[in-house]
Amino acid sequence: MSATSSVRRKSIPWWLSAPALVLFTALLLVPLVLTAVLSFNAFDPATGVKASEYTLGHYTHVFADSYYHAIFWRTFWIAAVVTLICVLIGAPEAYILSRMRNPWRSILLLVVLAPLLVSVVVRAFGWSMLLGPEGLVNGTLGLVGIGPVKILYTETAVIVALVHVMLPFMVIPVWTSLQKLDPGVENAALSLKASPFTTLRRIVLPQVLPGILSGSLIVFGLAASSFAIPGLLGGRRLKMVATVVYDEYLHELNWPLGAAIALTLLVANLIVMLSYNRLV
Amino acid sequence: MSFLQLTDVTKFYGSTCAVQAMNLSVEKGEFVSLLGPSGCGKTTTLQMVAGFEAVSSGRIALDGRDITHAKANTRGLGIVFQTYALFPHMTVADNVSFGLEMRKMPKAERRERVAQALGLVHLEQHATRYPRELSGGQRQRVALARALVIEPPVLLLDEPLSNLDAKLREEMQFELRQIQRKVGTTTVMVTHDQSEAMSISDRVVVMEAGRATQIDHPLQVYEHPRTRFISTFVGKANLLPGKVTTASSTHTQVAVGALVVDVEGAQFRPGAAVLLSVRPEKLQLVPATQGRLVGEIAERFFLGSQWMYRVHTSAGELMVLAPNDGRPALVEGERTGVDWPGHCMRLLPADDAAPAMLDAEVAA
């Protein structure tokens, strides 16, 4: 009796987590494995994927061709710049928000999070209207006498829009770690003759660093694999990895090459994130 | 001129008055407690002295220097916070050292002073630990060491012991007092715990609703409370409503029901409604035929070193504390006499309007 009940007790956690496990396996692991297998399948432009033939050719192609190098490099430096800007804007923003009083705090927090409620595609089109040659930004620049500047379909447009999309993902973790901060510690530092700036640097910042770290990991990961923004604001010429994958799948119909690029991005992203985590 | 001087210090939050015309002078080396229930303005007062809250009107002077509007980080006061507010990402030694570092003290001297301060609070062994690895009492000591190491002119303690369990709190009370005596730092403590305030302070400031209603030595506050509130907030009291019958220049005669007593002092006119206040431990249980009143034990509670009785008498219900001195305790329903020494009676105004505080007393 006690033996069976202890067995049952041990199995309960498994049963409870079963729905999530099934979902996770069916929707993430299985497609990932299928993609991985696909990336090793041989491809013939005339007949398509050869399911029984395996090759490393797609990977050697990606690693050897400078065309792909440039795209990977662009993707990662854009993601890094977006992350940096999000830290510089998001961390102070979260700090200022946390020092505000209600109701302003709640209202402005909602304003920060509101973009999450609007589709990325809609926001991207919004930015393309603002940044286009006839858009508001160039109109304003024209008023001050600066001739039309090409912003749309450049890295700048992609970065600006990505920062806008990613900012909530930086603000939320920093905000969370600020909530855990004992409000007394700032006063304690002030009472020990620290200036407000020293207090911020020596007392507040080290305590919210975990929040900034996790925020930048989220932002970097999402920015490096972003598709809609570079697709709509980078145009046809300015490619990032996710848009290249899309092209391989839907225009070239070379699914194995697309899968190989996608997996390379996944692994590269993992390496960057893990080493960043180790570094800080 | 005293060392720390608060003159008519007032704090408004919008239209609500948190602290009203607070006057207090603290002498050098003195240990003063601000005592009162929550919301009485004691913490606000401390925050104004610390510089974390702006003063609405009035003046705060430290050692002759006006600090009313000085920034918190220029006052140089040592503060122990209720939550301790230790820096969680720094070791104990770094926490204590932070204030010295801000004063640009050379590293070698800093190390020496930190070791000294940690020695003072018996934490030499824990210098390299982080606050999260310490117990509540140890964190408390770190906070104290951090505040004292900068040798502040005034040490401010904001409910420093309220987060400790009862036994530890008692130990820390005496240790706090010992350390304060040893280093001789002028100290202002905020507390809602009357026994804490009494046991370690030189003087107690009792606050109610934003006003200081009595500033006195602990014994004086206990034995001569100025208001009904103080008599019940600081210790327990039996309050019997009565009427003044005659008043001479030194004595007042009061009738409480059939009981007529003669009380020292003459602050009331004949006919005034008063409360006769006697502390429970001043009452003695005597044989039923003797004493001022006769009554019946309604309930008894065993408190360890003492018995507490509720006694029904003709003058009303009385609480009596009797030492558990080995004699058999009285049982419920037993008849008993109740007596008390004449000099232990106090008279308080029945309507609890605190008599205006005399200036001489404020400056004391």
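**Briefing: a predicted model with chains A and B**

B:Glu159 is buried, as 20 other C-beta atoms lie within 10 Å of its own. A residue counts as buried with 20 or more other C-beta atoms within 10 Å, as exposed with 12 or fewer, and as partly exposed in between, the C-beta atoms being placed from the backbone. The model is predicted: local features need pLDDT of at least 70 and side-chain atom pairs count only at pLDDT 80 or more, while totals for chains, interfaces and linings use all residues. Residues are numbered from 1 along each chain as its sequence is written, and chains are lettered from A and ligands numbered from 1 in the order in which they are written.

**Backbone features**

- B:Glu159 has a positive phi of about 45 degrees although it is not a glycine, and its place is in the loop between β7 and α6 (166-183) of chain B.
- B:Glu151 also has a positive phi, near 50 degrees, and is found in the loop between α5 (136-148) and β7 (154-158) of chain B.
- B:Glu151 counts as partly exposed because it has 15 C-beta neighbours inside 10 Å.
- A cis peptide bond, with omega near 5 degrees, runs from A:Asn102 to A:Pro103; A:Pro103 lies in the loop between α3 (66-99) and α4 (104-113) of chain A.
- Most residues other than glycine have a negative phi, and most peptide bonds are trans.

**Chain A overall**

- Chain A has 12 helices and 2 strands, where helices (H or I, at least four residues) and strands (E, at least two) are DSSP runs numbered from the N terminus.
- The order of elements in chain A, from the N terminus on, is α-β-β-α-α-α-α-α-α-α-α-α-α-α.
- The radius of gyration of chain A is 24 Å, well over the 19 Å that the globule rule gives for 280 residues, so chain A is more spread out than a compact globule.
- That radius is taken over C-alpha atoms, and the globule rule is 2.2 Å times the number of residues to the power 0.38.
- The C-alpha trace of chain A spans about 85 × 75 × 35 Å along its principal axes.
- Of the 280 residues in chain A, 31% are buried.

**Domains of chain A**

- Chain A is divided into domain 1 (1-55) and domain 2 (65-279), with bounds that come from an automatic or database domain assignment.
- The C-alpha centres of domain 1 and domain 2 of chain A lie 32 Å apart.
- In chain A, 7 residues of domain 1 are in contact with 8 residues of domain 2; contact means that the C-beta atoms of two residues, placed from the backbone, lie within 7 Å.
- On the side of domain 1 of chain A that touches domain 2 of chain A, α1(A) gives the most, with 4 residues.

**Chain B against chain A**

- Contacts join 18 residues of chain B to 14 residues of chain A.
- α2 (72-75) and α3 (92-102) of chain B are the elements that give two or more residues to the side of chain B that touches chain A.
- α3(B) gives the most to that side of chain B, with 3 residues.

**Nonpolar cores**

- A nonpolar core is a set of buried Ala, Val, Leu, Ile, Met, Phe, Trp, Tyr and Cys residues joined through C-beta atoms within 7 Å.
- In the largest nonpolar core, of 131 residues, A:Ala161, A:Met166, B:Ala145, B:Leu156 and B:Val205 touch the most other members.
- Helix α7 (residues 155-179) of chain A supplies the largest share of this core, 14 residues.
- A second, separate core of 23 residues includes B:Val274, B:Leu285, B:Ile297 and B:Val311.
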